[in-house]
Amino acid sequence: MEELCAAGAAAPLRTDAEEPKQGSVLFLGGNEVKSSAVVKYSSAPPQAAFARLQEKTDLKLPPANWLRDSAKLGAAGTTILGNNKKSKPFSSFGMAYDFIDSVGNDVDVVSDSENIKKLLKIPYSKSHVSMAVHRIGRTLLLDELDIQELFMRSSQTGDWTWLKEFYQRLIDQKWQRKKKSKEHWYQKAILSKFLYYSINGDGAAQPVPSTSKPHQEGPVSGESDEAGRASWPAPFEMPSSLSEEPGASNQGLKNDFVRNILWTFEDIHMLVGSNMPIFGGGRYPAVSLRLRDNNKPINVLTGIDYWLDNLICNVPELVMCFHVNGIVQKYEMIKTEDIPNLENSNFSTKVIKDIAQNILSFLKSNCTKEGHTYWLFKASGSDIVKLYDLTTLCEETEDKYQNPFTMPVAILLYKVACNMMLKKNQNKKHYGTIRTLLLNCLKLLDNGRHPQISASANYMLSELFQLDEPKKDSMDFPINGNSDESYSEEEEEMPDSDENGSYSNSSDPPDDNKAVAIIKSVGELSVPEKYKSVHRIRPSCAFPVCHDTEERCRLVLNYVLEGLKSVDSSIKKESDLPAADPSTPIPLKYEDESTSGGPECPEKQMALFLDKMGSFQKGKHSSQSGMIPGSWQYKMKLQLILKSSRAYYILSDAAMVLQKYGRALRYIKLALQCHDTYCCLSASMLPEVLMFLCQCLTLCGDIQLMLAQNANNRAAYLEEYNYQTKEDQEILHSLHRESRCQVFAWATDLSTDLECQLSVSCKCYEAAYEILLFSNLKNQNPEQHVQVLKRMGNIRNEIGVFYMNQAAAVQTERVVSKNISMTEQQLWKKSFSCFEEGIQNFESIEDATNAALLLCNTGRLMRICAQAHCAAEGDFKREFSPEEALYYNKAIDYYLKALRSLGKRDVHPAVWDSVNWELSTTYFTMATLQQDYAPLSRKAQEQIEKEVSEAMMKSLKYCDVDTVSARQPLCQYRAATIHHRLASMYHSCLRNQVGDEHLRKQHRILADLHYSKAVRLFQLLKDAPCEFLRVQLERVAFAEFQMASQNSNAGKLKTLFGALDIMAKTKGAIQLIRKELMAESEQIRKEKSSAENTSPHDSTPGLNKEEVLKLLSIFESRMSFLLLQSIKLLTSSKKKIGGVNEEEVVLKTNKQVYSLLLRATANKAMTLLERTEVILSLLEQLTPNAEASNGGVQ
């Protein structure tokens, strides 16, 4: 048998702060029993060594110090007599309030040690058991329910009559109060005297005069029935202070135990109150003293009592003093682990362990409803233990407040929830528990009597739903439904027992249908694991899993509304208001709002800002409902309003994601109305509240912008905007009690005017930016600052584009009037101003990409201005004006700035390519206009040609033909067109130029170079056959021009065959034209046969037939001319071309082709398609000869 260690012996003096845990493992009768105790609190004086009394000391005589205060004892009758002192009916609540951390989480049972002992002795004892059981989380609170005392009170006050009737009807029909015997009081008196003798220093008995004799006969002081009864609170006497500080109530809710011990017995954790006197010092560091009548042997009940007391208080030894008729005989020292083996009191510790586990499992399996009062009852002499739900029985009466446990339970539920809420670092896993605690608290509360707790509980319930986190976080909570009961374990089905209970005066009816559960025989409690409970492991509580953001916010708003109703119902009219104490504490730890502020005084700035924004009225920072600043109603309403504002903000954000912009605007309107009320009530502005307002205004700006961009769905948005739930209306009603809620009306109205919507959106962003500036939040929240500036830049771009498009529309409508109107100029100015501000916004946050896009748009605006001046010219002989040149050059400057802003293509390839394209287009447009409408009145031809050439080359520079992208064909077409135009220009120069041979040669080379480049690029494109054909025909004309200046037949022949070769290479382009003509004729045929089956998308934009006809006519005439010239030259030429046979073949073929061509051109009835086919067949015949001729010439 192992002895307890010395550390364990000193346990009673230690507390948590000194030694976190001390305990022992006992091996008793071969069965291991684990027990450890930690003293959480002790008000006992330092342990005094006990004095051994001399033999023959007469304990009937009182010692001199009897019932007097002693430094060694503390208050007389508290410590020494505490072991026998009647426990108060709410003793467990007092402990629970003091050790709120343990309740609902770590501890299984909270109770007086006397109640624990009484439960564990049930199978051994015939005496009655009557206890109230309450559940808080996983913790059970046990309190003695003295039925006799209760009914004595009932007969005097009329309370509890329902329970008295129930008891008499079902349990003990002949109930009468049992009086305690004289022997009982005699035993108590000599025990009290013995303990006082034991602390007397000299160890001698000091008798006192016999005047104190009545003490021996009557009850010991402090033990009277009256004193006991006074501890019961009347059901209707719950003071208002209880709602503020329940622990301070003197209604029996005080923790008046000398020691509070955290006792672990096997796997059961208990918070136990004990008043057992412990002596120490010398050889025995800690012992308990017991007095025994030598004539009466120790029975099992007494042995269990002594053993459990020592285990609970971790006392290693017991000192037994034996007496006969009050005369001391001897002392005996017994170790705690030897107590179960004493003669006549032999018991198995394993059986006690099984009883403890079975009782706990039975109670946990059946006391499932938090907030309900259960009654565990065993009649005297009976073997049957019954459990009743008194709350359900009480509800059958008129008033649930007939149950005096209702309020203490509600307040304890609330306090435990509060405590869990304050542990921010680990409370997420307890959200299910907290919610259940609060819901059960609200079920018990009468909102009219306790509005503060009701409002606070509802606010905490709303706080459980994390609004600003993504919804996946809700998956942290166990998905097991969302019932209001946190514990819905199936009740263990009790197996039928055939054993007959051996009890004498059974008054139990055969079937008690009022009982929640019944233990049919106390013997069952000794059977190992007879009752099993799933509560060995901490149960996971049901927390509603909201997969939908809207559902989560709606739950929050529901709780907020209930909280607001509680607050509003408690606010009386100003005339009825009592003198309130602003410093009244309230249970929740609210943030101190006076800590905000700073050097710039944000409150004044905010007032000025709101004044500027809307209908803010100075000096109206007070409640219209008559709330007193600083009162609990004031603080709570501020918190609730802020919470509702956040919920509406999240709802608005979610609606935005779903593209329900009307609904989004309605929610942000409600959020801002809540915020407006908050501003009216609050004297100071917390930085996080200002930050939130900034976010609201930013979101409002986003919504207004989206409404502007989706104007086609305006009717649907209006319907969404005007819809309102009953809940929203009630919250708004509560807000209107405090303010008009009109400050932000300008931002939240649904306008039908596009310009107005864009303007409101811009104002929202500007307002958000102002808040960041004056509240100095810019540096604390750089991310928000960047977001707001980015949005400001974006909206200014949108407004700039809006005005720019309007200007373009005005320009197109201006047909008759040639002058630029004032309206147009105003629109340009507005657009330019917006772009400029937007560029500044983006540059301030170093957003190069967006700054480049706005510079690009400014460039586009300059081009629109240039076009306006071009349209304004309108003369027959129009020239490229200086104003056009000015605006095009400005446009070029902005595009170059955009490229400088980006730096390199890698920054943003798409934007870089876009700016390059726009720059290329501007140069190309300017060059084309200069070429087509040459300003010859102002500049020389050569200068114009030079400027055109430079602009075209710059356009080529920014036209990227090599990068594969969607724009590549456009770039290739542009480059081909530029080369074509340059070639045409040099060709024209060559024709018109006389004199300088060097310059002519240069122009000839350049024309040839650009023609060949244009051809190469047009060949890459599959959709430009006409352009390709035109370039080739110009090349033929260029060859003809060169041939005219040649003298030798050989040179002419070479040029001629070169020109024919160019014509032969147009075969691909003519094939493309034929293909498109065939597709078109097929389409027409289909339309004629089945007009109804034709879909609109089947018709493709065909060729420009006029242009094709014109080009083919030129082609035929040039081909005819070249063939005729070749026939003439070949016939007259005496020179052999690659042999006689070859010359004859070429001549013969050319004659044949020429003949066919003449016939074809003579036939006016031929269709365009037939003409292309003829040309293709002629080119087929001509191709080998052309190649041969070329070969011969070379």
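Helices (H or I, at least four residues) and strands (E, at least two) are runs assigned by DSSP, numbered from the N terminus. Two strands pair if DSSP finds at least two bridges between them. You're looking at a predicted model, where local features need pLDDT of at least 70, side-chain atom pairs count only at pLDDT 80 or more, and totals for chains, interfaces and linings use all residues. Residues are numbered from 1 along each chain as its sequence is written, and side-chain values use heavy atoms, with hydrogens and water left out.

**Exercise 1. The whole protein**

Task: Find how many helices and strands the protein has, and what share of its residues counts as buried.

Solution: Start with the inventory: the protein has 39 helices and 13 strands. Next comes burial, where buried means under 20% relative accessible area, exposed over 50%, and partly exposed in between (1.4 Å probe, protein chains only). Of the 1194 residues, 53% count as buried. Finally, take contacts, meaning heavy atoms within 4.5 Å. Among contacts with a separation of 6 or more, 78% come from residues 24 or more positions apart.

**Exercise 2. Strand E4 and its partners**

Task: Work out why strand E4 is described as largely enclosed, and which residue of the E4 and E5 hairpin takes a positive phi.

Solution: Step one is to count: eight of the eight residues of E4 (residues 129-136) are buried, so the strand is largely enclosed by the rest of the structure.

Step three is to find the neighbours. E4 pairs with strand E11 (residues 373-378) in the antiparallel sense over six bridges, and Met131 stands opposite Leu376 there. E4 also pairs antiparallel with strand E5 (residues 139-144), again over six bridges, with Asp143 of E5 as the bridge partner of Ala132. Last, the turn: the E4 and E5 hairpin has two residues between its strands, and Gly137 takes a positive phi near 65 degrees.

**Exercise 3. Another hairpin**

Task: Say how many bridges join E6 to E7, and which residue in their hairpin takes a positive phi.

Solution: Begin with burial: six of the seven residues of E6 (residues 259-265) are buried, so this strand is largely enclosed by the rest of the structure. Then look across to strand E7 (residues 268-274), which runs antiparallel to E6 and is joined to it by seven bridges. Phe265 has Ile268 in E7 as its bridge partner. The hairpin has two residues between the strands, and Glu266 takes the positive phi, near 55 degrees.

**Exercise 4. A three-stranded sheet**

Task: Give the strand order of the open sheet that includes E9, and name the helix that touches E8, E9 and E10.

Solution: The order is E8-E9-E10, with mixed pairing. Strand E8 (287-293) and strand E10 (327-335) are at the edges with a single partner strand each, so one side of each has no neighbour in the sheet. The twist averages 25 degrees from one strand to the next. Helix H6 (residues 182-198) packs on the sheet and touches E8, E9 and E10, its direction making about 135 degrees with that of E8. For such angles, axes are lines fitted to C-alpha atoms, for helices over the stretch in contact, and angles run from 0 to 180 degrees between N-to-C directions. Helix H10 (residues 300-312) lies across E8 and E9, at about 165 degrees to E8.

**Exercise 5. Residue Val788**

Task: Decide whether Val788 is buried or exposed, and list the residues that Val788 touches.

Solution: First locate Val788, in helix H26 (residues 782-813). With 0% relative accessibility, Val788 counts as buried. Leaving out residues up to four places away in sequence, Val788 touches Cys694, Thr698, Tyr765, Ala768, Tyr769 and Leu772.
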